[in-house]
Amino acid sequence: MIPIDDTPLCRDGKALILAYDHGLEHGPVDFKDVPESADPERTFEAATHPAVTSVAVQKGVAEAYYPSYEDDVDLMVKLNGTSNLWMGEPDSAVNCSVDYAAELGASSVGFTLYGGSNKEVEMAEEFRDVHEAARDHGLPTVMWSYPRGQGLKNDTKPSTIAYAARLALELGADIAKVKHPGSKSAMEDAVRMAGKTKVVMSGGSKTTDREFLESVKQTIDAGGKGLAVGRNVWQRENPTRILDALEAVIFEEASVDEALDAAE
Ligand SMILES: O=P(O)(O)OC[C@H]1O[C@](O)(COP(=O)(O)O)[C@@H](O)[C@@H]1O
């Protein structure tokens, strides 16, 4: 494994990855409530907050916007991704090579694996190539480990999330990004299954400040190492305010109440 605590991807052994690949994954609907969020510059600006350890974007956004931020922001290139226009079994096109991500200045790469999909075998083989190429470049790999497909009706069931975390360890990911399984003890199981692979929580759709921070706090208390979040940050009118609160919960061991006070 890559000692990722010594890379820009982590601060004090934890990570706060700001994900902004939704323009591909979900489309313009995600930018509807806060129209200025469609501008990638706004997310790169937010990523200059000291709480953010890395920003995760697709190749096109990295090419167009990262050059203006390379001194202030750490880049993760998300290598695969599919639009919401795709109606088939969960699958994800590989849109960027590891070599090209490295050329763009990425210090890590992200990859989605839909365990349980009819496409799992092909996706795992693609991940093998990505993982081994990333190792050649010394780049950590973050797996968006999202079991889903015809046979999986509940993709946040505790046993499913524990399996998702384990898949990331077995296949060599340095970080497993998993959905919150609903309780601290279920997240503890996922962390245990992931072994030396760090577990970070996926943000999910926008909720209240308190609800969101409580799920993050549960993850940290369960031994999770942070968060990879999109909508719960940049769909807010003021991303800085929630990033202040996240900094308190993730890096300063604050309670949710303390974090909410710190962000006032
Ligand atoms: O496939 P889903 O569950 O609709 O969500 C995919 C999106 O969620 C993320 O994994 C995390 O973002 P959020 O914090 O907004 O959930 C994004 O990187 C990705 O675009």
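**Annotated residues and ligand shell**

Tyr146 counts as buried, because 23 C-beta neighbours lie inside 10 Å (buried means 20 or more other C-beta atoms within 10 Å of its own, exposed 12 or fewer, partly exposed in between, with C-beta atoms placed from the backbone). The model is predicted: local features need pLDDT of at least 70, side-chain atom pairs count only at pLDDT 80 or more, and totals for chains, interfaces and linings use all residues. Residues are numbered from 1 along each chain as its sequence is written.

Tyr146 sits in the loop between β7 (141–145) and α6 (158–171). Helices (H or I, at least four residues) and strands (E, at least two) are DSSP runs, numbered from the N terminus. Beyond four places in sequence, Tyr146 touches Thr112, Tyr114, Asp155 and Ala164. Contact requires C-beta atoms, placed from the backbone, within 7 Å.

An unreviewed UniProt entry lists Tyr146 and Lys177 under "active site". They span 32 residues in sequence, yet no two of their C-alpha atoms are more than 8.2 Å apart, so they gather at one spot. Such annotations may be inferred rather than shown by experiment.

Lys177 lies in strand β8 (residues 175–178). Lys177 is buried, with 29 other C-beta atoms within 10 Å. Setting aside neighbours within four places in sequence, its contacts include Trp144, Ser145 and Ser202.

Residues around the ligand include Asp21, His22, Trp144, Ser202 and Arg231 (a residue is near if its C-beta atom, placed from the backbone, lies within 6 Å). Elements giving two or more residues to this shell are α1 (22–25) and α9 (231–234).

Methods. Two residues are in contact if their C-beta atoms, placed from the backbone, lie within 7 Å.
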